[in-house]
Amino acid sequence: MSSVNVAELRSGLVKAKHLIQSPDSWLQGGLLRDNKMCALGALCCAVPESDVEGYISAKNALREALPAGEISVPTFNDKPTTTHADVLALFDRAISALDIQEFLSIANEAEKPLVNLTDALNRSFLAVSDWEE
């Protein structure tokens, strides 16, 4: 993921998901049209235009969260059998993967051994400042 901050990456994905939270705001067969957008269109709107690296990292996080057998985010989004709920679940998987990555990073950097899973989770929650509501 190079130099992109995990918290910023997570924030971009959360914002993009929020933009298509309603089925009326989600689009298949295009990037942006009539106040609707596909998964990548939402990502374009959520990540600052100047942050090319952040956009690419967020797009890669979504791609890595695709269901088995799917090859790209646009193809998955536009597939006739893909539902709005499927696309929201894609964002949830990408966001969860980042949370796990952050958790593992904190666990590896801990100065003292982790007492248990609850201790590790508490440390990871304290370290991530931008949690979705």
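The model is predicted, so local features need pLDDT of at least 70 and side-chain atom pairs count only at pLDDT 80 or more, while totals for chains, interfaces and linings use all residues. Residues are numbered from 1 along each chain as its sequence is written, and side-chain values use heavy atoms, with hydrogens and water left out.

**Exercise 1. Overall layout**

Determine how many helices and strands the protein chain has, and in which pattern they follow along the sequence.

Solution. Helices (H or I, at least four residues) and strands (E, at least two) are taken as DSSP runs and numbered from the N terminus. On that basis the protein chain has six helices and two strands, and reading along the sequence gives the pattern α-β-β-α-α-α-α-α. Turning to burial, where buried means under 20% relative accessible area, exposed over 50% and partly exposed in between (1.4 Å probe, protein chains only), buried residues make up 41% of the 133 residues. With contact meaning heavy atoms within 4.5 Å, 57% of the contacts between residues at least 6 apart in sequence join residues at least 24 apart.

**Exercise 2. Helix 1 against helix 2**

Describe how helix 1 and helix 2 cross, and state which residues meet.

Solution. Two packed helices are described by the angle between their axes and the distance between the axes. Axes are lines fitted to C-alpha atoms, for helices over the stretch in contact, with angles running from 0 to 180 degrees between N-to-C directions. The axes of helix 1 (residues 6-19) and helix 2 (residues 39-46) come within 8 Å and cross at roughly 120°. That makes helix 1 oblique to helix 2, given that angles under 35 degrees count as roughly parallel, over 145 as roughly antiparallel, 65 to 115 as roughly perpendicular and the rest as oblique. The crossing is right-handed, a label used if the near helix is turned clockwise from the far one by less than a right angle, with anticlockwise giving left-handed. On the helix 1 side the contact involves Gly12, Leu13, Lys15, Ala16 and Leu19, which meet Ala42, Leu43, Cys45 and Ala46 in helix 2. These contact residues divide into seven nonpolar, one polar and one charged, where Ala, Val, Leu, Ile, Met, Phe, Trp, Tyr, Cys and Pro count as nonpolar, Asp, Glu, Lys and Arg as charged, and the others, Gly among them, as polar.

**Exercise 3. Helix 2 against helix 3, and the burial of helix 2**

Describe the crossing of helix 2 and helix 3, then list the buried residues of helix 2.

Solution. The axes of helix 2 and helix 3 (residues 52-64) come within 10 Å and cross at roughly 150°, and the two helices are therefore roughly antiparallel to each other. Their crossing is right-handed. Leu40, Leu43 and Cys44 in helix 2 meet Tyr55, Ala58, Lys59 and Leu62 in helix 3, a set that divides into six nonpolar, no polar and one charged. As to burial, Ala39, Leu40, Gly41, Ala42, Leu43 and Ala46 are the buried residues of helix 2; with six of its eight residues buried, helix 2 is largely enclosed by the rest of the structure.

**Exercise 4. Positive phi in a loop**

Examine the backbone of Asp34 and Asn35.

Solution. Asp34 lies in the loop between strand 1 (32-33) and strand 2 (36-37), and its phi is near 50°, a positive value in a residue other than glycine. Asn35, in the loop between strand 1 and strand 2, has a positive phi of about 60° although it is not a glycine. Asp34 is exposed, with a relative accessible area of 67%, and Asn35 counts as exposed at 76%.

**Exercise 5. Contacts across the sequence**

Find the contacts of Ala94 and Thr82, leaving aside neighbours within four places in sequence.

Solution. Ala94 lies in helix 5 (residues 84-109) and counts as buried at 1% relative accessibility. Its contacts are Leu13, Ala61, Leu62 and Ala65. Thr82 lies in the loop between helix 4 (73-78) and helix 5, is buried with a relative accessible area of 5%, and is in contact with Trp26, Gln28, Phe76, Asn77 and Val87. The C-alpha atoms of Thr82 and Gln28, 54 residues apart along the chain, are separated by 9.1 Å.
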